Structure formats: structure tokens, C-alpha cells
Amino acid sequence: EVQEKTTSEISKLLKGQANTSLKLTIKRYGVDDQLELNLTREKITIDNVPYYGMVSEDVGYIKLSDFTTNAGKEVKNALLELKNEGATSIILDLRDNPGGLLNEAVNVSNVFIPKGSEVVSTRGKVRDWNKIYKALNIPVDNEIPVVVITNSRSASAAEIVAGVIQDYDRGVLVGQKTFGKGLVQATRPLTYNAQLKVTTAKYYTPSGRCIQAIDYSNRNEDGSVGKIPDSLKVAFQTTNGRTVYDGGGVDPDITTELEHLAPITVSLIFKSIIFDYGTEYHFEHESIPDAVDFSISDEEFDDFVTWLSDKDFDYTTKVENSMEKLESLAKQEKHYQEIKNEIENLKNKVKHNKVADLITFRAEIKEVLEEEIASRYYFQEGIIEASFDQDKDVQRAIQVLHNQEEYKSLLVKN
């Protein structure tokens with residue numbers, strides 16, 4: 001019985017040596033009898049490119065989530081397939097990509113830049129250890145317009161690729177500043193089976209800038225490096241003479257606002273209410289349209305709101321938490337009676353209303369619902385495709401690729 005166990009505890013029970021057997025007894029919603037499944041464990045393999053497809057008649061999209069072995073080959077194959085499907089421009093999505101193998105950063109870059117081009121160099125105090133990595137192969141296409149999407153969780157190898165595309169003016173970067181992880185580290189064995197990780201060098205992009213954050217001990221809540229004072233930045237030049245800066249990650253050419261889910265949406269997700277509704281919806285609907293075209297109607301959303309009536313999804317907003325802290329501090333410092341009425345008035349004004357929030361954040365909740373439901377029919381591909389219409393980064397990327405005048409103007413010196 002695993003009903004009360006955590007995900008990590010269940011994972012430990014499921015994992016084991018490859019080629020060993022596993023028997024599962026499953027209770028599934030809408031099915032009276034228990035299901036018996038006999039499985040054989042296998043080595044888990046995860047694709048670096050979990051998805052690629054067309055986001056418009058002429059724009060192809062490649063999601064690159066990792067830089068493990070064969071990342072470059074997977075991006076190459078995806079690009080060739082998309083060109084065969086009619087893609088005349090490409091979006092390379094590096095959001096939430098934590099990086100990985102340095103040689104795969106070179107291979108992915110090489111898909112878009114000429115053979116012999118410098119991709120990245122490593123420099124440290126010991127000059128004999130410094131090394132330059134160059135593209136070794138003929139590119140798949142070094143002309144096709146490219147947009148690279150990044151965010152604050154694009155790190156390491158992902159930042160190298162983004163920096164290379166920007167430094168050679170090979171494409172336009174859309175999104176948010178990258179994470180700022182550009183350290184080369186080596187491990188040294190210690191006693192008691194411990195390891196010491198030592199920084200030996202830093203990564204530098206072709207223009208000469210370092211992607212490592214100046215201060216990596218202090219970060220924003222979302223993991224980004226935040227604003228760096230201009231006095232601490234050093235200017236570098238791209239191939240076309242555009243000015244780019246070091247000091248912490250790679251800055252996009254078009255910055256988009258980082259979107260945060262509303263507290264009510266977060267609560268619906270983390271209390272598994274969205275998940276449970278997706279389960280029931282899937283049981284009651286044999287099929288849905290393709291994920292990219294699927295949407296729930298206003299009537300279906302109203303049904304969802306009614307379905308929520310007996311569900312517990314209460315939550316506390318950050319503003320409400322702040323008011324509680326203010327009240328607590330006021331009492332500690334003996335000022336509460338003086339400002340008691342003002343505090344109570346503020347608390348009443350910021351107090352959330354679940355019903356009102358369902359209306360205010362209707363579009364956001366509807367999008368999360370659609371992605372969850374699409375995943376039941378089309379799995380991970382369904383989640384990605386269902387997100388396209390509300391993904392502002394993807395929509396901005398399509399917009400700039402469809403406006404070649406804007407695209408070209410972003411790649412020339414101002």
C-alpha cells in the first residue's frame with residue numbers, strides 16, 4: 001500500500017536492477033477492478049530533445065532540455081526533419097536547461113555555425129591548461145533564421161550556446177537573462193570517501209566575455225542573478241559590432257517579462273486538484289482534438305468551478321503573509337495599538353476571495369487545465385503543444401521571425 005507514501009519513497013520501491021521483474025497492482029479512477037501489471041525494469045534513457053515540431057506554417061520549434069551524450073546529433077536530426085516539413089526559420093528553446101557536457105555545447109552550436117569557428121574557451125591561472133574549443137564539422141544550416149529562448153534557469157552549456165549564437169550575430173535571443181554559471185571545476189579525492197570540487201578555470205564565449213556571475217552567492221528568488229551595476233560590467237563586441245556585456249549570464253536581445261502563477265493556480269496544482277480533474281476529464285472523454293488545437297470551453301470551465309465547490313484549495317498570498325509579519329512586528333515593538341485600525345483595514349483590503357480569484361485568473365487556470373488534460377492523451381508532447389498559444393516567449397519568437405526587418409535590425413550595430 002503506497003497511498004500515504006511520498007513520491008521519492010514510491011520511486012525507491014519501483015527502481016531496481018535492469019531486467020528484473022516488478023508486479024504492480026493499480027487502482028484506477030473509473031475502473032472497479034484492480035489492474036495487475038507485470039513489468040520488466042530497463043535502463044532509463046531520456047532524450048535531450050523531448051519535442052520538436054512546427055509552431056506555424058513556416059516556423060519550426062526545438063526543445064532542448066539537456067546536454068548529455070548525442071545532444072548535438074538530436075538537434076541536427078530535429079532541424080533536418082523540420083526543414084523537410086517546411087520550416088524556413090527555427091526556434092531553439094533552452095529554457096530550464098541546466099547544461100551538461102561541454103563537447104555537446106560545441107556540437108549543438110556547430111549545427112548553426114561554420115566549421116572552424118571558436119565556440120568557447122576555458123581560461124584559468126595555469127595558462128598551460130587553457131583551451132579553445134572549435135566547431136569541428138560542417139554545419140547543418142548556418143543561414144536559416146534562428147531565435148534562441150532563454151530564462152534564468154538556462155545555465156552552463158545552455159549559456160555557451162546562447163552566447164555563441166549572439167556573439168556571431170547568428171540569431172536573436174528572446175526571454176530573460178541566463179543563470180550565470182561559467183565555472184570549470186575539477187574534483188579531488190579526500191579522506192572518508194569525500195570529494196573536493198575545485199574551480200580551475202572559467203568559460204569565455206567567442207567575443208571574450210565570461211558568462212559567470214560576478215556574485216553567485218546572492219540571487220533573486222527565481223534563481224536569476226538580478227541587476228548588475230554598470231560599473232562592474234565590461235563591454236565586448238559581436239561580429240557585427242554590437243555591444244554585449246559580461247558580469248552574469250547572457251542578456252537576451254528581446255527581454256520578456258518572467259511570468260509568475262497566481263497563488264490560487266499554485267494551490268490548485270500543488271494540492272493535486274488540477275491533476276484529479278484531468279483524471280476525471282480523461283475518463284469521461286474518449287478523445288480530444290490535437291493538443292495544439294485543444295481548448296476547454298467556457299461551459300467546461302464553469303463545470304470545473306462547480307466541481308471545486310467541495311474541494312480544499314485555500315492558500316495564503318505573499319501580501320497576506322507580509323501583513324501577518326507586520327502585525328507580529330508591531331506587537332513585538334509595542335506599536336500595535338497605535339496602528340491597529342490601519343492594519344485591520346489593510347488586511348481586509350488584501351484578503352483574497354477564492355471565488356473572485358477564479359474569475360480574475362480564469363485564463364491562467366484554464367491554460368493549466370488544458371495542459372494537464374492534453375497530457376493524458378498526448379503525454380509530454382501534449383503539454384508542450386498545449387502551451388504554445390499562451391507562451392509569450394514562443395509567440396514573441398514567432399513574431400520576430402515573421403518580421404525579417406525587425407530580425408535583421410536586431411543583429412546589426414545601432
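Is Lys311 buried, partly exposed or exposed, and what is its relative accessible area? In this predicted model, Lys311 is partly exposed, with a relative accessible area of 27% (buried means under 20% relative accessible area, exposed over 50%, and partly exposed in between, with a 1.4 Å probe and protein chains only). The side chain of Lys311 meets that of Asp310 in a salt bridge, 2.9 Å from N to O (a salt bridge is a side-chain nitrogen of Lys or Arg within 4 Å of a carboxyl oxygen of Asp or Glu). Asp310 is exposed, at 61% relative accessible area.

The model is predicted, so local features need pLDDT of at least 70 and side-chain atom pairs count only at pLDDT 80 or more, whereas totals for chains, interfaces and linings use all residues. Residues are numbered from 1 along each chain as its sequence is written, and side-chain values use heavy atoms, with hydrogens and water left out.

The protein chain has 13 helices and 14 strands (DSSP runs of H or I with at least four residues, and of E with at least two, numbered from the N terminus). Its C-alpha atoms fill a box of roughly 65 × 65 × 60 Å along the principal axes. Of the 414 residues, 43% are buried. Among contacts (heavy atoms within 4.5 Å) between residues at least 6 apart in sequence, 69% join residues at least 24 apart. The accessible surface comes to about 24100 Å², of which 50% belongs to carbon and sulfur atoms (Shrake-Rupley method with a 1.4 Å probe; for residues, only the protein chains shown count as cover).

Helix H3 (residues 102-110) is largely enclosed by the rest of the structure, because seven of its nine residues are buried. The buried residues are Leu102, Glu104, Ala105, Val106, Val108, Ser109 and Asn110. Their cover includes helices H2 (71-84) and H4 (157-167), together with strands E5 (89-93), E6 (118-123), E7 (131-134) and E11 (195-204). In the loop between H3 and E6 is Gly116, which is partly exposed at 43% relative accessibility. Apart from neighbours within four places in sequence, Gly116 is in contact with Lys134 and Ala135.

Gln176, in the loop between strands E9 (172-175) and E10 (183-189), is buried at 11% relative accessible area. Beyond four places in sequence, its contacts include Thr150, Val250, Leu258 and Asp393. Asp393 is also linked with Lys63, Asp93, Arg95 and Asp391 in a network of salt bridges.

The whole structure holds 18 salt bridges. In one, the side chains of Arg242 and Asp169 meet at 2.7 Å, N to O. Arg242 lies in the loop between strands E12 (235-237) and E13 (243-245) and Asp169 in the loop between H4 and E9, so the pair ties together parts 73 residues apart in sequence. Arg242 is buried at 9% relative accessibility, and Asp169 is buried with a relative accessible area of 9%. Glu372 forms a salt bridge with Arg376, with the closest N and O atoms 2.8 Å apart. Both lie in helix H11 (residues 362-387), four residues apart, about one turn of the helix, and both Glu372 and Arg376 are buried.

On the surface, Leu261, Val266, Ile269 and Phe270 form a nonpolar patch with about 370 Å² of accessible area together (patches are made of residues with over 30% relative accessible area and no salt bridge, like charges being joined within 9 Å and nonpolar side chains, namely Val, Leu, Ile, Met, Phe, Trp and Tyr, within 5 Å). Phe270 is in helix H5 (residues 263-270) and is exposed at 70% relative accessibility.
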